[in-house]
Amino acid sequence: MSTVPDFHVYDTTLRDGAQQESLNLSVTDKLAIAAYLDQLGVGFIEGGWPGANPKDTEFFARARSELKLQHATLAAFGSTRRAGARAADDPQVRALLDAQTDVVTLVAKSHSRHVAEALRTTVEENLAMIEDTVSFLVGEGRSVFLDAEHFFDGYRTDPAYALEVVRTAAAAGASVIALCDTNGGMLPPQVTDVVGEVLEGTQARLGIHCHNDTGCAVANSLAAVAAGASHVQGTINGYGERTGNADLVTVVSNLQLKLGREVVAPDRLRQALHLSHAISEVTNVVPYGRQPYVGASAFAHKAGLHASALKVDPDLYQHTDPALVGNSMRTLVSDMAGRASIELKAKELGYDLTHDTDLAARTVTRVKDLEQQGWTFDAADASFELLLREEVTGETLQYFDTESWRIITDSSGGAQPSLSEATIKLRAGGRRVVATGEGNGPVNALDHALREALADAYPELADFELIDFRVRILDASHGTDATTRVLIETGDGTGSWQTVGVAPNIVHASWVALVDSFTYGLLKRGVEPRH
Ligand SMILES: CC(=O)SCCNC(=O)CCNC(=O)[C@H](O)C(C)(C)COP(=O)(O)OP(=O)(O)OC[C@H]1O[C@@H](n2cnc3c(N)ncnc32)[C@H](O)[C@@H]1OP(=O)(O)O
Ligand SMILES: CC(=O)C(=O)O
């Protein structure tokens, strides 16, 4: 039986997290995520439900040989035995033993209505199922954690029975009884009261497992800890059934940075952003930009007043040091910027404007004028950097001189897809070039033609790839003659950058964003213009 540390976090990403809509993990994915969770330093990793599906059974088999956990202990999850049977004979319970983990977490009913209606048995038999299954697994050398399902709702309806469930599990040898807000309907004061009363009424070691249906999963988990729970469950990035579980990244950061409870080593917490994003890559769920602590916007500042204070001391508008979770401060430039925003952003980009307040003021005015026309610089850092460079150097960076471009779109009028052809005339690499490109749309054709035209002068462009292309109609009331904004994301395998173009003509707006994208990419590579 493994020793259960005094206070710890228990990750259920691979079990409850995988219950999220559209999230589907292969065994290899689960092994990769488990390794990342171990790197973060969580105490326990719930690997899945062996016996419930072949994938989870295989996970535990492969984990034994492939997963080299340095820190965490693996737990297998399953339910108490079936009513009217013996734990020793229950195939689900056997599968838990076959998983060969030190820890088994059992889900058990603690709400008398669920016992009657979902389990369709008596409250006495449910207690017997808990007693029999826990003591059997403990007898087999496992540490057993018990997830008391629907505990908070059950406690409201029938407190005496809910308490009896906790006492029965503890008496049978469960190391921790995690009180579950299965339907996620609780608010922090309710959690505080119930955890306090259960501790007083049972003296059992309690844990907490919260769902986020009221948006309070993290707050409820912290309330439970404050009331005496010493085992906190959650999932990375808050993945989970319905609206998800308590986000363990936020829980751990709050416990550590706000409440002074060291649950993971500080150098592991500094990897929180990296690990949260690495796990997003595996789950194929786009990281949530406004995720506390590790979101891309968590320390991004847009308002000019904020920037002016941040310039003096970042603490003035930040609740903690972003480096502690591996994040960093960013300044966003928009029509809400002031001179300080420009100065800070310039500093991020490697320009020192502290001694040229006129330049910052001029840049603010230019940004505000352009944003009034529909440009958006907080979503297009690369276009802003080109604009700033122009203000600093007094010249526009140009890698080629455009003579003209033209696009023709052919359609047979039927269901056949139309084809666009772009022709570009420009000067680059010391000569005049006329190039054409075809595409399934005008922008695609223009992109191909421009690459073709610049291929000899700038072979570096071969590495550039259009990652994202977004169009927004700005004054929709104008109908088809409205202004169009195009945002382009380009990558080169080492990073990506965003550019913007605005024009009444969608193709012209795309051209502007495309030219900025190529210009910025070449600039970042240190390529000198070859006219
Ligand atoms: C709150 C939570 O999120 S707990 C985790 C829930 N996770 C999952 O359900 C995912 C994995 N589940 C599965 O693969 C399947 O549901 C299985 C393999 C567990 C069971 O599948 P089946 O045998 O086909 O049963 P089914 O899913 O229809 O119903 C669940 C059965 O478990 C019983 N059950 C539910 N909770 C418990 C419990 N704590 N202890 C014992 N039995 C339970 C139900 O009463 C029901 O019994 P029945 O077969 O007599 O009707
Ligand atoms: C056990 C569990 O996942 C729940 O009660 O929500």
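**Terms first.** I count Ala, Val, Leu, Ile, Met, Phe, Trp, Tyr, Cys and Pro as nonpolar, Asp, Glu, Lys and Arg as charged, and the others, Gly among them, as polar. I also note that a residue is near a molecule or strand if its C-beta atom, placed from the backbone, lies within 6 Å of it.

**Source.** The model is predicted: local features need pLDDT of at least 70, side-chain atom pairs count only at pLDDT 80 or more, and totals for chains, interfaces and linings use all residues. Residues are numbered from 1 along each chain as its sequence is written, while chains are lettered from A and ligands numbered from 1 in the order in which they are written.

**Ligand 2.** I looked up which residues surround ligand 2, and found D16, V107, D147, E149, C180, T182, H209 and H211. Sorted by class, this shell has three charged, three polar and two nonpolar residues.

**Ligand 1.** Here 15 residues form the surroundings, and A52, S79, T80, V107 and L119 are the closest. The shell holds seven nonpolar, four polar and four charged residues. Strand β4 gives the largest share of this shell, three residues. For such labels I use DSSP runs, numbered from the N terminus: helices are H or I with at least four residues, strands are E with at least two.

Angles run from 0 to 180 degrees between N-to-C directions, with axes as lines fitted to C-alpha atoms, for helices over the stretch in contact.

**Strand β1.** I count two strands as paired if DSSP finds at least two bridges between them. Strand β1 (residues 8-11) runs parallel to strand β8 (residues 231-234), and four bridges join them. H8 stands opposite H231 in β8, and Y10 stands opposite Q233 in β8. Strand β1 is also joined to strand β2 (residues 44-46), by two bridges and again in parallel. In β2, Y10 has F44 as its bridge partner.

**Record.** The unreviewed UniProt entry places "domain: Pyruvate carboxyltransferase" at residues 7-270. UniProt positions are given in the numbering used here, feature names are shortened, and annotations may be inferred rather than shown by experiment. Over residues 7-270 I find 45% helix and 16% strand, with the end C-alpha atoms 20 Å apart.

**Domains.** Where does the chain divide? Domain 1 covers 8-283, domain 2 covers 300-370, domain 3 covers 373-399 + 464-531, and domain 4 covers 401-457. These bounds come from an automatic or database domain assignment. Between domain 2 and domain 3, the C-alpha centres lie 21 Å apart. I see 14 residues of domain 2 in contact with 11 residues of domain 3. On the side of domain 2 that touches domain 3, helix α15 (residues 357-372) gives the most, with seven residues. By class, that side has eight nonpolar, two polar and four charged residues.

**Open sheet.** I then looked at three strands in the order β14-β15-β16, which form an open sheet with antiparallel pairing. Its edge strands, β14 (465-473) and β16 (496-503), each pair on one side only. Neighbouring strands here are turned by 15° against each other on average, direction ignored. Eight bridges pair β14 with strand β15 (residues 484-491) in the antiparallel sense. T484 in β15 is the bridge partner of I473. Helix α18 (residues 506-524) lies across β14, β15 and β16, and runs at about 150° to β16.

Notes: Contact = placed C-beta atoms within 7 Å.
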